[in-house]
Amino acid sequence: EERLRQNQRDLTDEVHAIERLQQVSLHLANAEDSASLYEYIMDAAVAIMRSDFASMQMYYPERGARGEMRLLAFRGFDPEAAKFWEWVRADSGCTCGQALRTGKRGMAGDVETCDFMAGTADQEALLRAGMRAAQSTPLFSRDGKLVGMISTHWKQPHQPSERDLRLLDVLARQAADWMERLHAEEALRRKE
């Protein structure tokens with residue numbers, strides 16, 4: 001009987017997540033205001049991943065040797081954390097830096113014991129901000145170019161479920177399409 005209740009809760013969570021993704025699609029199709037759309041995507045990321053924090057970044061390939069990520073929106077960050085991660089490079093010791101280096105999702109189930117974070121300023125900043133676990137998912141355009149990143153963070157050590165990551169990948173596809181459109185509009189304005 002408890003298993004049945006858990007299955008019903010899981011199904012309800014799945015339905016809510018799918019409804020949230022549909023709402024993001026509607027907002028993307030009709031959005032005029034980038035800032036409110038970023039906020040909407042952040043809310044969806046937190047809900048889907050059941051996380052305590054989230055952030056979204058845009059990729060600037062022209063900055064530095066390997067480009068840099070600029071923070072666009074966040075949930076739960078204090079001002080110090082937002083300033084620390086305003087720009088992230090590939091040599092940064094956070095999951096976003098790892099994802100930028102590898103082109104794949106960066107994951108730290110426990111920031112305190114994560115190998116690639118050990119002894120870095122990013123590890124200290126994450127712990128200071130109360131973030132014990134993190135993941136960063138690269139956003140790629142339809143033609144495979146990196147355009148941004150969505151990250152989520154938890155107050156406790158955490159390993160996201162395959163279900164959560166699968167739903168986040170749908171949100172990431174939507175966010176990447178939106179960011180690709182922004183890049184194209186920005187390039188057109190620069191040309192004019």
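**Note on a cavity, a pocket and the sheet around them**

1. The largest cavity has 14 lining residues, and Ser55, Trp85, Cys94, Cys96 and His153 are the ones nearest its centre. The model is predicted, so-called local features need pLDDT of at least 70, side-chain atom pairs count only at pLDDT 80 or more, and totals for chains, interfaces and linings use all residues. Residues are numbered from 1 along each chain as its sequence is written, and side-chain values use heavy atoms, with hydrogens and water left out.

2. How much space lies in the largest cavity? About 110 Å³ lies there. A search of the whole structure for cavities of 30 Å³ or more finds one. On a 1 Å grid over the protein atoms alone, a cavity is a set of points where a 1.4 Å probe fits but cannot get out; a pocket is an open set with protein on both sides within 12 Å along at least five of seven lines; lining residues have an atom within 4 Å of a point. Points are joined across faces, edges and corners, and a volume is the space filled by probe spheres set on them. At least two lining residues of the largest cavity come from each of β1, α4, β5 and β6. (Helices, H or I with at least four residues, and strands, E with at least two, are DSSP runs numbered from the N terminus.)

3. Ser55, one of the residues nearest the centre of the largest cavity, belongs to strand β1, residues 53-60. Is Ser55 buried or exposed? Ser55 counts as buried because its relative accessibility is 4%. (Buried is under 20% relative accessible area, exposed over 50%, partly exposed in between, with a 1.4 Å probe and protein chains only.) Apart from neighbours within four places in sequence, Ser55 has contacts (heavy atoms within 4.5 Å) with Met42, Leu71, Ala73, Phe74, Phe77, Met149, Ile150, Ser151 and His153.

4. Two of the names at the cavity are cysteines, Cys94 and Cys96. The whole structure has zero disulfides, a disulfide being a pair of cysteine sulfur atoms within 2.5 Å. Cys94 is in no disulfide, and the nearest cysteine sulfur, that of Cys96, lies 5.2 Å away. Cys94 has 5% relative accessibility and therefore counts as buried. Cys114 counts as buried too, at 9%.

5. Cys96 is among the buried residues of helix α4, with Thr95, Gly97, Gln98, Ala99 and Leu100. The helix spans residues 95-102 and is mostly covered, as six of its eight residues are buried. Which strands do the buried residues of α4 pack against? They pack against β1, β2 (68-75), β3, β4, β5 (133-140) and β6. After α4 comes Gly103, with a positive phi near 75°.

6. The strands form an open sheet of six, in the order β3-β2-β1-β6-β5-β4, with antiparallel pairing. The edges are β3 (87-89) and β4 (106-108); each has a single partner strand, so one side of each has no neighbour in the sheet. From one strand to the next the twist averages 25°. (Strands pair if DSSP finds at least two bridges between them; axes are lines fitted to C-alpha atoms, and angles run from 0 to 180 degrees between N-to-C directions.)

7. Strand β6 is mostly covered, with eight of its nine residues buried. Antiparallel to β1, strand β6 (residues 146-154) is joined to β1 by six bridges, and Phe53 stands opposite His153 of β6. How many bridges join β5 to β6? Eight bridges join these antiparallel strands, and Thr137 stands opposite Ile150 in β6. The hairpin of β5 and β6 has five residues between the strands, and Gly144 there takes a positive phi near 90°.

8. The largest pocket has a volume of about 260 Å³. Its lining has 13 residues, with Tyr59, Pro61, Leu146, Val147 and His183 the closest to its centre. Two or more lining residues come from each of β1, β6 and α6 (162-191). Helix α6 gives the most to this lining, with four residues.

9. Arg50 sits in the loop between α2 (34-49) and β1. Arg50 is not a glycine, yet its phi is positive, about 55°. At 42% relative accessibility, Arg50 counts as partly exposed.
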